[in-house]
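Please look through the sequence and the structure shown here before reading on.

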Amino acid sequence: SNPFFSAIHRGIEEIARARGVVTFAGSSDEEPERERELIDALLARRVDGLIIAPTATERIQLLRDVAAGLALTFVDRPPVSIDADCVLSDNRGGAERAVTHLILQGHHRIGFLGDRPGVYTASERLAGYRAALARAGILEDQALVRHPRHRAMDAYALTCELMRSPDAPTALFTSQNLITVEALRALHDLGHQTEVALVGFDDVPLAEAIEPAVTVVAQDARELGRQAAQ
């Protein structure tokens, strides 16, 4: 359901199809147990390789399958306990550049809306946010840091909460595409879309068609998939 992972899969499929390889896809929904079931189901069908965007944990048992000839690559997030190839974006560097852009525009109270801290990409982007503030000599205000639940279910409410606080931020860094969509919806509903600056991590559909247009740190999700497949 996340366009980012759909684009990764498209990149994988492009490379696989050109080589006569059929791809199977499944969604873990960020649930370790569901991930385990999917991996077991695919291995039972004797697939030649796996590309995994892992949850916070992954299965050390995969080492047995790798020793037996299974090709294994991780994408978007590194493995925790397995030494394997992995294709990543520079999450920390991208986030630092995004927040630095806001600082250079004169903002010092910058809100952070990011995925759960246990997710690798979320923790790296939060680290980039903090690094940009530290480099500019700005003290971090924990009241400006919020972590919406999975799939940004409460990102809209958290954005409204931030903007209605007595010392509201003048800018937002939204560190995931689905969170960006909900934050934008909240800013428009509150009438703050031209008053509050926003930079998002990951491109969002119709970002250029929104008024005002949305500034984003755009990953090349399809290329992540292509590299992982190669």
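What follows describes a predicted model, beginning with the sheet and ending with one of its strands.

The model holds an open sheet of five strands, arranged in the order E5-E4-E6-E7-E8 and with parallel pairing. Strand E5 (145-146) and E8 are the edge strands, each of which pairs on one side only. In general, strands of a sheet pair through backbone hydrogen bonds, and this pairing is either parallel or antiparallel. Several of the pairs in this sheet are listed below.

| Strand pair | Sense | Bridges |
|---|---|---|
| E4 (residues 110-113) and E5 | parallel | two bridges |
| E6 (residues 171-174) and E7 | parallel | four bridges |
| E7 and E8 (residues 215-217) | parallel | three bridges |

Individual residues show how these strands are set against one another. Phe 112 stands opposite Val 145 in E5, while Thr 174 stands opposite Gly 200 in E7, and Phe 201 stands opposite Val 217 in E8.

Helices accompany the strands as well. Helix H5 (residues 120-135), for its part, lies across E4, E5, E6 and E7, and runs at about 170° to E4.

Why can strand E7 (residues 197-201) be described as largely enclosed by the rest of the structure? Buried here means under 20% relative accessible area, and four of the five residues of E7 are buried, so this strand is largely enclosed by the rest of the structure.

Technical notes
Residues are numbered from 1 along each chain as its sequence is written. This is a predicted model: local features need pLDDT of at least 70, side-chain atom pairs count only at pLDDT 80 or more; totals for chains, interfaces and linings use all residues. Side-chain values use heavy atoms; hydrogens and water are left out. Buried means under 20% relative accessible area, exposed over 50%, partly exposed in between (1.4 Å probe, protein chains only). Two strands pair if DSSP finds at least two bridges between them. Contact means heavy atoms within 4.5 Å. Axes are lines fitted to C-alpha atoms, for helices over the stretch in contact, and angles run from 0 to 180 degrees between N-to-C directions.
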